[in-house]
Amino acid sequence: MPPTDRKVLPFLAVGALLLHAWAMGSRALWYDEVTTYAFASKSLADLWTFLNTHDVHPPLFFALEKFALALPLPAEWSLRLLPLGAALTCIPLAEAFARRVYRVRWHGAVLAAVFPGLVMYGQEARAYAPLLMFEFTALLALVHVREQPEKRRWIALSVAALWCAAAMSYLAILFLPVISVALLLWTRRRGYAVAALAAAFLLYFPWLPRAWETFFSTAAGVAGNPPRALGPGSYARLFAMLWGGPVPAVLAAVLSAAAFWRVRREPVAGLILVLAVVPLALFTAAPPRYPFFPARYLITWSGLPLLLLPALGRLRPLAARAAPVALAIVLLVPAVRFHAEQRTWNRDLAAMAAERFGDGDILIVHPYYQSIALAYYLPLDPAIRARILENPLINYDGAAVLLNGRKQMGLTSPGAFAELAAGMGIRGNVYVLVYGPPQPPIDRWLVHLAPVQHWEQASLYRLVTRPRVDPRSQQLLLGTLPVGRWVPAAARPLNAH
């Protein structure tokens, strides 16, 4: 190791660890992470059966998280250790790639260390950071295959990374076929490569039809949603979210184009370009029907500039150091700013429950699926909590639950508010927890709501207008605003009293 490396490496490693792990345990788990907790809490046999009947994800990520949960740590830490390790592993992978392909040092490591997408999703108990790690691993192994086409070990490493990615998430389809084709083109051990890739695809294939049905098929549960074309504006927003905002995203895009122009004749550069085009082509040719398409779904796409930008180190004389360092400084701002966004409302509400929520209170959660994360933190009766988390994909819409103090509370969505209120009665206060800006139908309720507490991404209100029943229409009204049908016989409390 060169003397400069020995001096730089410890500082970079400590700095990256602090940047990625800072305040990791202080953020409350949110819906997707509680889903991970619920899945990982099952036995391996139950997990396999559950995923085969209720979900589209392969089992590897949840199986590994099961072992992480066994650590004597709070779930906020244990569940996030695997993504954190994956995010940190991307740093030496990007550095090794840049040194091998472009013969430049530290640019890959520095850029990967401050990439806001990895800082964010290295602290989320989902498979997105590991997916990028496996993509980088497969690409680095592919570089060695290109240089040593007779060596089987690099084929094995690339295929093993693809196998792990396929076993973790259906989103591996965004890079798995492209890298597989490149591997077959560059190796001289095609028979060995075909056999290894066939084994990986056999694992992935059973999950592919279900993922396709979920996102694209008119027969899917989301078939009521029209296809959502992801045009240039959509991709620009997703790219900007993962790169920390429009300014660093534009800078990264412009510098990536300059870097590609510099090394365009190298086959690896062409491969990165193809990997960047595949998601655009896929979601243009087959617009997804899935109503939610967050940036983290495309982290393996938006993270590709981390392998291309170090090529700027070949420029002389100024850009060799200035361009990557300047971009790293720009990225450091949104990466640090991420830690200022304290996601604590679920934990705060749980602490407030004993003091604020009384017997007969009703809590309306919008959107309601977020109540799964709230149920993880609320001091619920253990049997009720276990039943809610048994299948977090089912919304117990209009459920009467018990706090540990044996106080009955309603947990419901705006649409089922009337049904729940009819079943348990409105004896106490009605609170409304809203994630993000108020959307229909809650936006029409605002005149009847008084703010109680506001967080970065959620707000708690109290209903100040007493609901009343219109006996002729059997509607529950807030003033003159109908909020649902009042049908006592249809109430289905989660637990009987």
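1. Let me start with Trp-106, which is buried at a relative accessible area of 14%. The cut-off for that label is under 20%, so Trp-106 falls on the buried side. This tryptophan sits in the loop between α5 and α6. Its backbone also deserves a look: phi of Trp-106 is near 75°, a positive value in a residue other than glycine. Please keep in mind throughout that this is a predicted model.

2. Arg-103 has a positive phi of about 60° and is not a glycine either. Arg-103 is placed in the loop between α5 (75–102) and α6 (107–114). Is Arg-103 buried or exposed? With a relative accessible area of 61%, Arg-103 is exposed, whereas Trp-106 is buried.

3. Now for the chain as a whole. Its secondary structure amounts to 22 helices and nine strands. The radius of gyration is 25 Å, close to the 23 Å that the globule rule gives for 497 residues, so the chain is as compact as a globular protein of that length. Along the principal axes, the C-alpha atoms fill a box of roughly 80 × 45 × 45 Å.

4. A few totals go with that outline. Of the 497 residues, 55% count as buried. Taking contacts between residues at least 6 apart in sequence, 74% join residues at least 24 apart. The chain exposes about 21,300 Å², and carbon and sulfur atoms supply 65% of this area. As for charge, there are 45 positive and 26 negative charges, and their mean positions lie 9 Å apart.

5. Which residues have the most contacts inside the largest nonpolar core? They are Phe-97, Tyr-102 and Trp-243, in a core of 113 residues. Helix α8 (residues 128–147) gives the most to this core, contributing 13 residues. Apart from it lies another core, of 41 residues, including Val-34, Ile-388, Val-401 and Leu-403. As general background, nonpolar side chains in soluble globular proteins tend to be buried together.

6. Leaving aside neighbours within four places in sequence, its contacts include the prolines Pro-116, Pro-248, Pro-305 and Pro-334.

7. Leu-349, in helix α19 (residues 345–356), is buried, with a relative accessible area of 0%. Leu-202, in helix α11 (residues 190–204), is exposed, with a relative accessible area of 65%. Beyond its neighbours within four places in sequence, Leu-349 touches Phe-357, Leu-374, Leu-378, Leu-433, Trp-455 and Leu-460.

8. Each of these leucines can also be placed by a C-alpha distance. Leu-349 and Pro-379 are 30 residues apart along the chain, and their C-alpha atoms are separated by 10.0 Å. For Leu-202 and Ala-166, 36 residues apart in sequence, the C-alpha separation is 9.9 Å.

9. Where is Gln-457 found? The answer is the loop between β5 (449–454) and β6 (458–463). At 42% relative accessibility, Gln-457 counts as partly exposed. Aside from neighbours within four places in sequence, Gln-457 is in contact with Glu-341, Trp-345, Val-434, Tyr-435 and Gly-436. Gln-457 and Leu-481, 24 residues apart in sequence, are 27 Å apart in space, C-alpha to C-alpha.

10. Finally, please inspect two cis peptide bonds. One runs from His-366 to Pro-367, with omega near 0°, and Pro-367 has its place in the loop between β1 (362–366) and α20 (371–377). Another joins Pro-440 and Pro-441, with omega about 0°. Pro-441 lies in the loop between β4 (430–435) and β5.

Notes. Residues numbered from 1 in each chain as written. Predicted model: local features only at pLDDT ≥ 70, side-chain atom pairs only at ≥ 80, totals over all residues. Heavy atoms only, no water. Helix = DSSP H or I, 4+ residues; strand = E, 2+ residues; numbered from the N terminus. Rg over C-alpha atoms; globule rule 2.2 N^0.38 Å. Buried < 20%, exposed > 50% of the residue type's maximum accessible area, 1.4 Å probe, protein only. Contact = heavy atoms within 4.5 Å. Areas by Shrake-Rupley, 256 points an atom, 1.4 Å probe, with all protein chains shown as cover. Lys, Arg positive; Asp, Glu negative; His and termini not counted. Charge placed at Lys NZ, Arg CZ, Asp CG, Glu CD. Core = buried A, V, L, I, M, F, W, Y, C linked by side-chain atoms within 4.5 Å.
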